[in-house]
Amino acid sequence: MQNDIQEVLYSQEAIQQKVQELGAAISRDYDGRNPLVICVLKGAFIFMADLSKNITIPIELDFMAVSSYGNSTRSSGEVKIIKDLDAFVEGRDVLIVEDIIDSGLTLSYLIDVLERRNALSVNVVALFDKPGRRTVDLNADYTGFTIPDAFVVGYGLDYAEKYRNLPYVGVLKPEVYSS
Ligand SMILES: O=P(O)(O)OC[C@H]1O[C@H](OP(=O)(O)OP(=O)(O)O)[C@H](O)[C@@H]1O
Ligand SMILES: [Mg+2]
């Protein structure tokens, strides 16, 4: 698996440092509000686990699974809910936890769903952001790293369901896509 990586862009240490900073900012901003923190599966599962340990105020956690990439490096444009939330969001402060914002289609769909369910507020924390690839106008409220237009894997992010368990984030060798 490690042999398929061309370059490590963000080390385990750099990611942990950033996750601590994001956790501190969220703890400060949401103090006294008991937010519902929503992990967007599968990609955000490691970020959610690490981020939640760095949030020092009471929160509730929930999980939603959506997918639009399938086995491709391009979004199909159609976002599907594979698993919905258990919690009701009406009247709740909601914080969506995403691993990456690329085209923005997944998040714009999710924000729309949660607003239609009458959440009190809907904010987004994304570990990685590729603003150069946006097809819809959308920004996160908390962003870890702004990254160039390259398909990245690791720390939850997959290519064709592989590489999610790498502890760092990097780019794949070109031959991996053609094999
Ligand atoms: O901004 P976008 O272009 O919509 O891309 C970002 C989304 O795509 C990925 O999920 P994917 O659909 O691959 O599902 P996964 O999390 O199960 O990998 C990623 O985890 C984000 O949720
Ligand atoms: Mg994916």
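β5 supplies the most residues to the shell around ligand 1, namely 4; a residue counts as near if its C-beta atom, placed from the backbone, lies within 6 Å. Strands like this one are DSSP runs (E, at least two residues), as are helices (H or I, at least four), numbered from the N terminus. The model is a predicted one, where local features need pLDDT of at least 70, side-chain atom pairs count only at pLDDT 80 or more, and totals for chains, interfaces and linings use all residues. Residues are numbered from 1 along each chain as its sequence is written, with chains lettered from A and ligands numbered from 1 in the order in which they are written.

There are 17 residues around ligand 1, and G43, Y69, D102, S103 and T106 come nearest.

Now to α3 itself. With 12 residues, α3 reaches 17 Å from first C-alpha to last, close to the 16 Å expected at 1.5 Å a residue (the expected span being 1.5 Å times one less than the number of residues). Its buried residues (20 or more other C-beta atoms within 10 Å of their own, placed from the backbone; exposed means 12 or fewer, partly exposed in between) are T106, L107, L110 and L114. Down the axis of α3 these fall within an arc of 85 degrees, so they line one face of the helix; the arc is that of the directions from the helix axis to the C-beta atoms. The face turned away from that buried side carries exposed D112 and R116. Just after α3, N118 takes a positive phi of about 65 degrees.
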